[in-house]
Amino acid sequence: MANNQQIKPVRKGEELQKKNLKNFLYQHHLIQAVTSELKIHQFSNGFSNLTYLLRIEDKEYVLRRPPVAAPKRGHDMGREYKVLHQLNKVFHKKPKALAFSDNYGIIGAPFYIMSKVDGIILTAKEANQRQVTPDQFKDISTTWLQSFVDFHTIDYHAAGLQDLGRPDGYVARQVLNWSKQYLAAATDEVPTAEKVVKWMNEKQPKVYDHTLIHNDFKYDNVVFKDDSWQEISAILDWEMCTLGDPLMDLGTSLGYWTTIADSEFMKQGLQSPTMMEGNPSRTEIVQQYALKSGRNIEHLTFYYVYGLFKIAVIAQQIYYRYKKGHTKDPKFAQLNKASEWCCNTAWQAIQKNQIDHLY
């Protein structure tokens, strides 16, 4: 993790038990003494798993744990740790996994410790503060996309991750599962959601490649080595990594890829540095991905619609927890509107059969 301005005091109700945690760090040979002072901060970026910075004995570690009162599905710390640990054999653009525990007695939830990666995490705020130029964004988007293509070439058998998921039938299962999850977390009536689900069931591709997929590959989930923007040091947030169709992975990234040509409402709903001048359009991203990967993007609209719908479900699930009082973070208060916007935009893409200039 990087960008010290994203580090904040720990939010009320999301504190960690320092004494238990220091004992755990000592037992795993990560510190020299349990009497050492431990300072804990929280990373403010992100809407899912809670991520903390631990500073102790001139060392810095990162701790990941599920949100308070979150369902286990999608927040399996043991699985996330396994992916990072196994990838040590074949892929190094990631934090190093150091220790894992599923003992609730330590901090009240499963968690794992990983190395801190220094560099630049390009949020919209970071890009504005750095006054990133259009020419720099051309380098940034090229480096980001090449890393995405490279990620999809990882030999998951060599990493011992062939049991991470079931790539056969992946697309059909995802459409079914995300549809069920939306219904389970629904709080408002959104007519386009049902239409999108029906369309995805009818239009889903039957034949596709099998690769490792990240499921959340975007600018603020990678760490750029420096402001030359030529290299990515690490990919972050591996909680949804699995085996499946790499174009579903691309579709999710396209869902987050807000552009300068989008409506003001779209840009407010999914704020991203991708909307700044110099970034390619979603269509250009697809064309470059196809060229670099050699894959044919025949079902382009489906993959984008799927990506938007998945984002809608994730936003709705977090809003559901917020409405129930399980999380207090005020940035979650409008996520129901973001979810509705994603469904409406997905339906607009279906009507126009395109992924840019939708309004």
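1. A crossing of two helices is called left-handed if the near helix is turned anticlockwise from the far one by less than a right angle. In this predicted model, helix H6 passes helix H11 in a left-handed crossing.

2. Two packed helices are described by the angle between their axes and the distance between the axes. For H6 (residues 170-185) and H11 (residues 300-323), the angle is about 35° and the axes lie 9 Å apart.

3. On the H6 side, the residues that make this contact include Tyr170, Val171, Trp178 and Tyr182. H11 contributes, among others, Phe302, Tyr306, Phe309 and Lys310. By class, the contact of H6 with H11 comprises 13 nonpolar residues, five polar residues and one charged residue.

4. Side chains of opposite charge can pair when their charged atoms come close. The whole structure holds 18 salt bridges. One of them joins the side chains of arginine 64 and aspartate 237, at 3.0 Å from N to O. Arginine 64 belongs to strand S4 (residues 59-65), whereas aspartate 237 sits in the loop between strands S9 (232-235) and S10 (242-244), so the pair ties together parts that are 173 residues apart in sequence.

5. Rolling a probe the size of a water molecule over the atoms shows where empty space is left.

Methods:
Residues are numbered from 1 along each chain as its sequence is written. This is a predicted model: local features need pLDDT of at least 70, side-chain atom pairs count only at pLDDT 80 or more; totals for chains, interfaces and linings use all residues. Side-chain values use heavy atoms; hydrogens and water are left out. Axes are lines fitted to C-alpha atoms, for helices over the stretch in contact, and angles run from 0 to 180 degrees between N-to-C directions. Helices (H or I, at least four residues) and strands (E, at least two) are DSSP runs, numbered from the N terminus. Contact means heavy atoms within 4.5 Å. Ala, Val, Leu, Ile, Met, Phe, Trp, Tyr, Cys and Pro count as nonpolar, Asp, Glu, Lys and Arg as charged, and the others, Gly among them, as polar. A salt bridge is a side-chain nitrogen of Lys or Arg within 4 Å of a carboxyl oxygen of Asp or Glu.
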